[in-house]
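Here's a quick briefing to go with the model.

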Amino acid sequence: MELMEGILTRRSIRRYQDKKIDKSVLEEIIKAAQFSPSAHNKQPWEFLIIEDKEILAELRYIQRWTSFAKDAACVVIVCGDTEKSFSRSKENEEWDFVDVDCAIATQSLMLAAWSKGIGSCYCGAAPMQSIVDALREKLQLPENIRPFAIVPLGYPDETPKHPDDRYKPEKIHWGKW
Ligand SMILES: Cc1cc2nc3c(=O)[nH]c(=O)nc-3n(C[C@H](O)[C@H](O)[C@H](O)COP(=O)(O)O)c2cc1C
């Protein structure tokens, strides 16, 4: 699939066929995510792949908009390592690019999946603190590992409607606002 076509045709997929995704295909998808840009090139991402149906079904009790994850072939928890990300913690400076880096990696992952005919849906975790905490506890993640997004993956069992044109020329500001 050509890159521009992939970007324009990707849609959130929430219904999946009962079909596993080969490990080699998952590895390629994660590889694409790892080629994303990151602040100071810190590449602070980590990827936890869960296929256990019980855990997939329980995710809805942690993040209520993930009920369809139970039917996914797997879920990728995109995580950020806050010990590796580009950040500052000083008197007058408090920032961390970890979520930004993870968001970019998540988009790369979803586009790579789509290029292989695999559907996905970005389900938010960070910055919702209670969900971050609950995921960390459920999945036994170390303190420095911040669960950023829950991404169910699976071969699509739906063809979502193509959205009305999202292209809004008035949102482009040429040279001045
Ligand atoms: C930060 C973020 C959080 C999201 N969380 C959820 C979610 O919890 N559950 C869900 O079904 N979709 C979730 N979505 C998917 C959006 O609903 C979806 O991307 C949007 O409606 C546009 O549709 P499209 O992905 O098909 O283009 C999330 C998307 C983003 C970017």
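**Around Leu109**

Leu109 touches Ile29, Ile30, Ala32, Ala33, Val76, Val78 and Val151, leaving out residues up to four places away in sequence; touching here is contact, with C-beta atoms, placed from the backbone, within 7 Å. Keep in mind that this is a predicted model, where local features need pLDDT of at least 70, side-chain atom pairs count only at pLDDT 80 or more, and totals for chains, interfaces and linings use all residues. Numbering runs from 1 along each chain as its sequence is written.

**The core**
- Leu109 also belongs to the largest nonpolar core, which has 37 residues; Val75, Val78, Leu109, Ile150 and Val151 are those with the most contacts inside it.
- Such a core is a set of buried Ala, Val, Leu, Ile, Met, Phe, Trp, Tyr and Cys residues joined through C-beta atoms within 7 Å.
- Helix H2 (23-34), H3, E2, helix H4 (98-115) and E7 each put in at least two residues, and H4 gives the largest share, with 8 residues.
- In soluble globular proteins, nonpolar side chains tend to be buried together.

**Helix H3**
- Leu56, Leu59 and Ile62 are buried in H3 (residues 53-62), where buried means 20 or more other C-beta atoms within 10 Å of the residue's own, exposed means 12 or fewer, and partly exposed is in between.
- These three sit on the same side of H3, because they cover an arc of only 100° around the axis, taken from the directions from the helix axis to the C-beta atoms.
- On the face turned away from that buried side, H3 carries the exposed residues Lys53, Glu54 and Tyr61.
- The buried residues of H3 pack against strand E1 (45-50), strand E2 (74-81), helix H5 (129-138) and strand E7 (145-154).

**The ligand shell**
- Around the ligand you'll find Arg11, Ser12, Arg14, Trp65, Thr66, Cys121, Tyr122, Cys123, Gly124 and Pro160, each with its C-beta atom, placed from the backbone, within 6 Å of the ligand.
- The shell splits into 5 nonpolar, 3 polar and 2 charged residues; Ala, Val, Leu, Ile, Met, Phe, Trp, Tyr, Cys and Pro count as nonpolar, Asp, Glu, Lys and Arg as charged, and the others, Gly among them, as polar.

**The whole chain**
- The protein chain has 5 helices and 7 strands, which are DSSP runs numbered from the N terminus (helices H or I, at least four residues; strands E, at least two).
- Along the sequence they follow the pattern α-α-β-α-β-β-β-α-β-β-α-β.
- Of the 177 residues, 31% count as buried.

Technical notes
Contact = placed C-beta atoms within 7 Å.
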